Amino acid sequence: MRSFIGKHSIVILWAMGLLFWTSQAAAQSSGTSGTPPKEDKKEERGVTLYEAFEGSTSTDGQVMDLNTTAGYIFNRHFSWDAGLPVFFLNGTTATGAKTSSNGIGDIYTDFRFTFNNPAVHYVTALSGSVPTGDTSKGRSTGRATVNWGNSFSREFDQWTPFANINLGNSLYNTSYFRRPFLTLGKVATFEAGTAYDLGHSFSVSASAYDVAPWGQQKVFSRIIGKSGGGSPGGAVRHGRVFENSAETTGGASLVRDNGFNAALDFNPSPVVDFEVAFSRSVHYQLNTFSFGVGVNLSRIISGRPY
């Protein structure tokens with residue numbers, strides 16, 4: 001833990017500063033009057049049902065899933081949901097062998113608290129999963145996972161700066177980005193950037209991220225099954241152990257990463273959402289293109305799509 005703090009002290013100090021700023025801003029704005037955020041004006045309650053087809057592609061292969069999520073919005077602050085993804089995995093190992101695997105992943109659940117005020121939009125979520133996927137096929141770590149996520153943002157006309165901080169025992173998927181591997185081990189992730197509203201239901205965003213693990217880590221490849229296809233003991237390219245072995249155990253360097261993201265989002269109505277994105281991993285020297293199509297089925301079923 002001491003090594004983790006020493007190597008990532010700048011990032012941790014940045015996160016602590018951000019937390020302090022938002023708490024101070026929230027305290028200062030709590031006694032002021034003004035127009036509430038748009039989210040507060042149109043409060044929703046009831047059952048939610050969402051279907052998404054999403055995935056990522058890189059030189060290592062494709063990780064795609066059909067993700068069904070159901071939940072309940074209790075009020076403007078608290079909501080809960082649970083879901084189950086069905087994965088479609090296609091990979092290329094370090095030796096050039098082609099692999100393929102389809103099947104269910106881990107059941108997951110989220111408890112989300114949302115707080116709006118003129119100073120900052122803050123969302124904190126506690127997420128967990130249980131191992132229902134096949135570990136030998138790269139669809140599960142075989143262990144329960146827990147993640148605590150925190151998101152901060154504020155609108156300035158068309159600009160919306162944001163920052164995300166996550167702590168957990170496994171790397172957490174954000175948006176539609178899917179890595180060609182899973183991890184098991186203590187890890188913190190930090191992301192900061194901004195979004196810009198282009199108008200006509202389009203928006204773009206750009207951000208930088210840092211993955212800061214500590215302690216023992218396990219990496220489970222999504223492109224190599226335990227039946228073989230890799231090159232154990234062979235040369236590892238840019239730290240990509242998931243190209244050579246189905247499961248690798250080692251230190252924090254296995255998972256440590258940093259890079260940047262860019263995305264284009266098209267949200268023509270509350271019913272449907274489209275996104276395309278690009279991610280560049282500096283540590284793994286890997287470019288990844290992602291996509292997502294999401295449909296809010298609960299709005300369609302209720303007969304109030306707008």
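These legends describe close-up views of a predicted model. Local features are given at pLDDT of at least 70 and side-chain atom pairs at pLDDT 80 or more, while totals for chains, interfaces and linings use all residues. Residues are numbered from 1 along each chain as its sequence is written, and side-chain values use heavy atoms, without hydrogens or water.

**View A. Asp-65 in strand β2.** Strand β2 covers residues 61-73 (strands are DSSP E runs of at least two residues, numbered from the N terminus). Asp-65 counts as buried because its relative accessible area is 1% (buried means under 20%, with a 1.4 Å probe and protein chains only). Its side chain makes a polar contact of 2.9 Å with the side chain of Arg-178 (a pair of N or O atoms within 3.5 Å, one able to donate a hydrogen and the other to accept it; residues adjacent in sequence count only if both atoms are side-chain atoms). Beyond four places in sequence, Asp-65 touches residues including Phe-53, Glu-54, Phe-87 and Phe-88 (contact means heavy atoms within 4.5 Å).

**View B. Asp-110 in strand β5.** Asp-110 lies in the strand of residues 107-116. Asp-110 is buried without a salt bridge (a side-chain nitrogen of Lys or Arg within 4 Å of a carboxyl oxygen of Asp or Glu). Arg-112, the nearest side chain of opposite charge, is 4.3 Å away. The side chains of Asp-110 and Ser-127 form a polar contact of 2.4 Å. Trp-80, Leu-126 and Tyr-172 are among the residues touching Asp-110 beyond four places in sequence.

**View C. Residues 1-42.** Here pLDDT (the predictor's confidence in each residue, from 0 to 100) stays under 50. Where pLDDT is low, predicted coordinates should not be read in detail. The protein's mean pLDDT is 84.

Note on methods. Helix = DSSP H or I, 4+ residues; strand = E, 2+ residues; numbered from the N terminus. Buried < 20%, exposed > 50% of the residue type's maximum accessible area, 1.4 Å probe, protein only. Lys, Arg positive; Asp, Glu negative; His and termini not counted.
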